[in-house]
Amino acid sequence: MMRMLLLFLLIGARYLSAQSTFHGNNARTGVYEGAGPKQLGRVKWTFKTGGPIVASPTVADGVVYITSTDTYVYAIDQETGKEKWKLKTRMPIASSPTISGGVLYLVTSSSGLAAIDAATGQIKWVLPTEFERRFEARNLHGYMPASQTIPDAWDIYTSSPAVANGKVYFGSGDGNVYAADAQTGMLQWKFATKDVVHASPAVVGNTVFIGSFDSNLYAIDAETGAEKWVFQAGQDPNIHNQVGFQSSPAVVDGVVYAGCRDGHVYAIDANSGRKKWDYPTSKSWVNGTPAVRDGLVYVGTSDSSRFMGLDAKTGRLRFNFDAHAYMFSSAALAGDLAYVGDHNGRLYAIDTKSGKLAWEYQTEAAKQDPLKILKPNGSLNQEALFAPVFNDFEDMYVDVYKFTSIGAIVSSPIVDKGVVYFSSMDGNVYALQ
């Protein structure tokens, strides 16, 4: 009887901890215990915030935690969808929270790592970084004026922390990867890259894996901060479009899987940093974090609007789902389905074997489509979406706003107790069952 109780407690602890960080676990595999809804039953609840949400929800101990661009952190009752507490910060938040040991960790947009009491919403400590900024460059994406340094409107996320080995690991817009003491917030080490780091670290064993907008993916000693190896992806020195790791890595069976803005999905040996294979995506960004399970890698693309299943050993395409619009969201794997969001305001539930659509949910904003940027099947009306307004880089920000108007889902879903939770640029958190 005691053995059974111990086994139950161990399984329960793993089940609870599996949802407490971005993409399910510190390896960022996107795998969740149990199944999610096989059919779209009903909306269990929605929770409205005061601004678009780009971050992903986190579940721990019966509470859903979310951050919003309205500058608040929210704790929501998992069953009722009622607010338990909220904490105001100085600036909009684009970091998905991590819960560990009763503490919520997130990267602020005002240069720092914050530790917050998960039960009360009280700030415990803040570790300042040097600064925070978006990825930027001259002649970015070919926008005018070519001589002006332009911040990238599509750099929408900031890093989400990983807690392991008594430390909190995260990336920063100042170009550094940081390790802080999880209890005190004291800096343990920092590792310099050559550009913005908004990917979230994967931590497996004694290694931190993380990519940078300098187009390098790094393996860093988790204890000392020393570089183990570096993998260089494609470069684009002219318009800086096909460059940079916005995707976070996923690590499974000694292989690091990561997407890159250079239009590739990479499989890299975790020990040596040598490339095992790469899959080209017709110059489409791969900004979502790969989800990996049972020998398949699941990931979406931007311009080609695909959700793909790739063979984990060879990189060969196993299936190709037409998502109709850009996909920055990272898939959650639960049961036989992959749950993933899309810029067209739809959440897709896709069969992980066949790649066929099981069901979809559409936000009300997408149904209303006030700016008429969607076609009936969910594909993008290119003329309405990309109609120039300023004829310079400001049009990039107008385009992002248009996606906000239809409740684009750029966050990554999570699955817990048969319910799928996700957030949207319409400002809502959704619970579907």
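A charge is taken to sit over a ring if NZ of Lys or CZ of Arg is within 6 Å of the ring centre and within 35 degrees of the ring normal. The charged end of Lys-86 meets this rule over the ring of Tyr-72, at 4.6 Å from its centre. For Arg-261, the charged end sits over the ring of Trp-285, 3.8 Å from its centre. The model is predicted, so that local features need pLDDT of at least 70 and side-chain atom pairs count only at pLDDT 80 or more, while totals for chains, interfaces and linings use all residues. Residues are numbered from 1 along each chain as its sequence is written, and side-chain values use heavy atoms, with hydrogens and water left out.

Rings of Phe, Tyr and Trp (its six-membered ring) pair if their centres lie within 6.5 Å; planes under 30 degrees apart count as stacked, over 60 as edge-to-face and the rest as tilted. By this rule there are 25 aromatic pairs. One of them, Tyr-105 with Trp-125, is tilted, with 6.1 Å centre to centre and 50° between the planes. Tyr-105 belongs to strand S7 (residues 103–108) and Trp-125 to strand S9 (residues 123–128), so the pair ties together parts 20 residues apart in sequence; strands are DSSP runs of E, at least two residues, numbered from the N terminus. Tyr-105 is buried at 2% relative accessibility, and Trp-125 is buried at 11%, where buried means under 20% relative accessible area (1.4 Å probe, protein chains only).

Phe-135 and Phe-213 are stacked because their ring centres are 4.5 Å apart and their planes are at 10°. These two residues lie 78 residues apart, and both are buried. Trp-154, Tyr-326, Phe-328 and Phe-403 form one aromatic cluster.

Methods
Helix = DSSP H or I, 4+ residues; strand = E, 2+ residues; numbered from the N terminus. Buried < 20%, exposed > 50% of the residue type's maximum accessible area, 1.4 Å probe, protein only.
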